[in-house]
Amino acid sequence: MNWIALVLRRHVFTVMILAFFTVVGLVSYSRLVLNMMPQVEIPIVAVLTIYPGASPDVVAEQVTSKLEDAVSNIEGIDDLNSYSTEGASLLTITFEEGRDIDIAAQDVRDKVALAKPELPEDAEEPVITKADINAIPVVAFSITSASMAPRELREFVDKRIKDSLEQVTGVAQVQLIGGLEREIRVVLDPAKLDAHGLTPEAVGGAIAAGNVDFPAGTLKQGPLEFVLKVPARFRSAHEIGDAVIFSRRGERLKVRDVATIVDSTKEVNTKSRYNGISAIAVTVIKRSDASSVSVSRAVKQRMRELEKVFPHGVDSAVAYDLSEWVVHSLDDVKLAIVLGAILASFVVWLFVGRLSFAIPITLSILVSLIAAFSPMHFFGFSLNFVSLMAIAVAVGLVIDDAIVVQESIIRVHEETGDAYEAATRGTAEVGLAVLACTSTLVAVFLPVAFMKGMMGQIFKEFGLTVAFAVIFSLLVSLTLIPLASSQTLKAWGVTRARVLMARLGAPLMAIHYGFARFYEWLQGFYTRVLDAALRRPGTVIFWAAVFFLLTFPVLMVMQKGFMPSYDTGTFQITIELPVESSLQRTDAKVQEVEELLTGLPEVKGYLSMVGQSVGGVMMSIAGQTNLATIAVVMPPKKERKLHLRWWGFIPVPYKYTQSDLIEMMRQRVKSVAGAKITVSAVAEMGQRAAPVQLSFTDPDYEKLKRVTARAQKILAGIPGTVNVDNSERAGKLELSIRPRRDRLAELGMNPAMLGQTLRVLYHGATFSTYREGGEEYDITLVFPESSRYELASLRSLKLWSPALQEPISLETVADLELTQAPAAIQHYNKIRSIDVYADVLPGVGGGSVLNEWRRRMKQENVLPVTTSTTALGEARMYGKMMAQFTLALILGIIFTYMVLASQFNSYRHPFTIMMSLPLAVTGALFFLLICGKGFDTMGFLGIILLMGLVTKNAILLVDFTNQARARGLDLVDALKDAGSKRLRPILMTSFATIAALLPTDLFPAARACC
């Protein structure tokens, strides 16, 4: 090959080209941002509508159903889910994969705008947002104070900390939990209202009308022009009482005549504590396109600057920091990559016994991987678990081409003794095979990069990064390796290399010579086995077929899941009490759980949020006082203490893992009575999804409850399931006030007037705001607490009758009925639905549990004809993952055949090469089963990787066999010659790949990725 001669003659030019790729790669690497996962955009649009004080059934009927009807005919909807809870309606609209999220969101806005006139007047404006799985909390602080009152601390955090942190680049939102918010409360006196014939709306209207800054136009006088303004905003809370009210009887009153003005705080519905101490939780959410690590570092730096000017007694602490785990985990993966490259180079030395040949191999790995960072930067990738996983895998792939070329050069040099001829002829002999191998790998991994949906977005970086690395490895192996080998053979020679080895020490020499003798024996044994196999091809094919058929029973018994679990160092405890529970009662249970955390090993800190749940969108928007979440943070794995665990009679050093603490806490919380407590891991991306989850739908609600109860019981009986639950919850006791329409009409009233009055009195209503110091505070009309908490006060409530011009009793115009409604009404595609879900223990696959659950339900005939099920969460993603990876695998096989047929100019040889693929899959599944691993996303990626490696080995054999036949050997002799001479490079590449990937099992994060 003339280009090989050019590389050897213009060696400086060759080195400069490689140096250029290395420098550009290093610069690109320095500009790659650090993230936990690749940026993923899912076509989901959410519609949130707040309807204050409304019960779930009222929300479902008057808000949710109207919005569902409005948006259901939008093109491209895949799923339509709705949740109607107390005071809130949430629609989540999932569109088909590939739908432009911006266009979809605009379509939803248009349809919702058409439906708004049908919504209740008191319902707030629907908020339409695009779901952003990348906008996640990256850091949380706890703010405590020994000198400030809770209200003062909340105002300080809101004005001084929240506003400052929101200005940090990359921050999307800062949320506050806990503390007391200021509110001006106008506490109405029902008796005085009745006495003067006033309604709450009249008082609220008077306050709003008397609290304005009204622009009145302009006045011109000669050359001057004056802006007219009526500044009449309240300058103090006391002035609110001076607002004038005119009663229906013609009386001129002031607000203070019928109400008491109190500078107070909003009703407390959340609390927060850090390590048991009352605090305000400050949670920072990053933008979707921002780096988790960069945002976290910048926010912590801003907080350190703010701490310098904190008032005395105010302290802050980092309660949760995602970047800490991300950085430690990514460092583990990077270290695994470096160790993998070193071990792979050691394998090369083990075979050839010359350090001078191991060094070029190491350089080829480094240059190939560093150069791959350039296209990564060009395509907008980040350094995350997926892209680093691709780099770790690429270490084992990029070394193959270099080993094949170098081994061929060494073999020719051993035959001829001429360094130049060895470099040119040795490279030429394997050039076509190396090109075919690289093309095959690209053909295998490119389909992974172009998978559809969420899986496609996640693994696009994986497929393309591997493809970039192997393409650069082809360039490096055909330039750097022949150049370095020719120079090394000239300068050193066999004798000099062995002298150097002798100087390095007898142990290394002994290892090499011991391995050399083992290889000679192995080569002889393989030659005899190959000879026997070629004499009995029928027997070989028979046993190969039997071995392959074992794949199917192995697959049946393997655990199947979506993603492997790994130690993030965080977990959450979700506490749920009966829906009627007060915040104080829920807080008491949370404190019981906090006491159980005290003696738990390896707990760095915990953040308790009472009245707030992170378990789902529905619960978090409702702000229910019966819910609470405790986020528990562990130290990084490297900082955890070593303990001794007995393995039989042998003590083994051990560090507690996240799974250990979750299981310990599950056992401890069993002692807490009166609450449903769930201990589980925290999702890495967005909302937590249960590994096993089905949505049951049926128009008949009573039948649906019976079916889901049976299904939940079956799920709980499957081994390996924990936290089995369903989405159905009993609601609060509901006192329905059913108006007597005829009686209302006689008295000059209507149901709307009745409802508005009751809303103001028992829920409170904000009619205006009070401005002070640049901040605005709500002015809220409320009923006295003594009246709001007594049923008798409702029965004796007086309402003003326009017809009679006097107050009348509520009991004369309405009937009271006590009922109980569900806490939430859930629809799936406009049909009533209930979700049943469960977590699984470590080592148990969610896919396997789901399949067994469905089998048992079918066996027991649980599902009526009218009831249907849909997989949600990880169960749904597992199904899509299997479909996408299967398609990628099939496309990889097809593309591989096309590449091989083009390379060998033959329709037959590609079949010969690919005959080893089925057996490789069987062997991989056997070893996964033996090692106790399940078949999940990483297992599927491993199968695809294996397909490329096995194909490369087969290419070497077939290509060398064709060369031998071209020299005049018959088929059997050519196969024996190829098998004997290609054994060493095949073993070298296989062992080097194993050695390169072995360190990934030594580090938790790397093991999880690879």
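**Exercises on a predicted model**

T961 lies in helix α33 (residues 937-966); helices are DSSP runs of H or I with at least four residues, strands are runs of E with at least two, and both are numbered from the N terminus. The model is predicted: local features need pLDDT of at least 70, side-chain atom pairs count only at pLDDT 80 or more, and totals for chains, interfaces and linings use all residues. Residues are numbered from 1 along each chain as its sequence is written, and side-chain values use heavy atoms, with hydrogens and water left out.

**Exercise 1.** Decide whether T961 is buried or exposed, and list what T961 touches.

*Solution.* Step 1: buried means under 20% relative accessible area, exposed over 50%, and partly exposed in between (1.4 Å probe, protein chains only). Step 2: T961 has 6% relative accessibility, so T961 counts as buried. Step 3: leaving aside residues up to four places away in sequence, T961 touches A974, L975 and A978; contact means heavy atoms within 4.5 Å.

**Exercise 2.** Work out the strand order of the open sheet that has four strands, and find its edges.

*Solution.* Step 1: two strands pair if DSSP finds at least two bridges between them. Step 2: the order is β6-β15-β5-β16, with antiparallel pairing. Step 3: β6 (171-177) and β16 (314-321) are the edges; each has a single partner strand, so one side of each has no neighbour in the sheet. Step 4: from one strand to the next, the twist averages 20°; axes are lines fitted to C-alpha atoms, for helices over the stretch in contact, and angles run from 0 to 180 degrees between N-to-C directions.

**Exercise 3.** Describe how β5 pairs with β15, and which helix touches β5, β6, β15 and β16.

*Solution.* Step 1: β5 (residues 137-145) and β15 (residues 280-286) are antiparallel partners over six bridges. Step 2: P137 stands opposite I285 in β15. Step 3: helix α10 (residues 292-307) packs on the sheet and touches β5, β6, β15 and β16. The direction of α10 makes about 20° with that of β5. Step 4: helix α11 (residues 322-352) lies across β5 and β16, at about 45° to β16.
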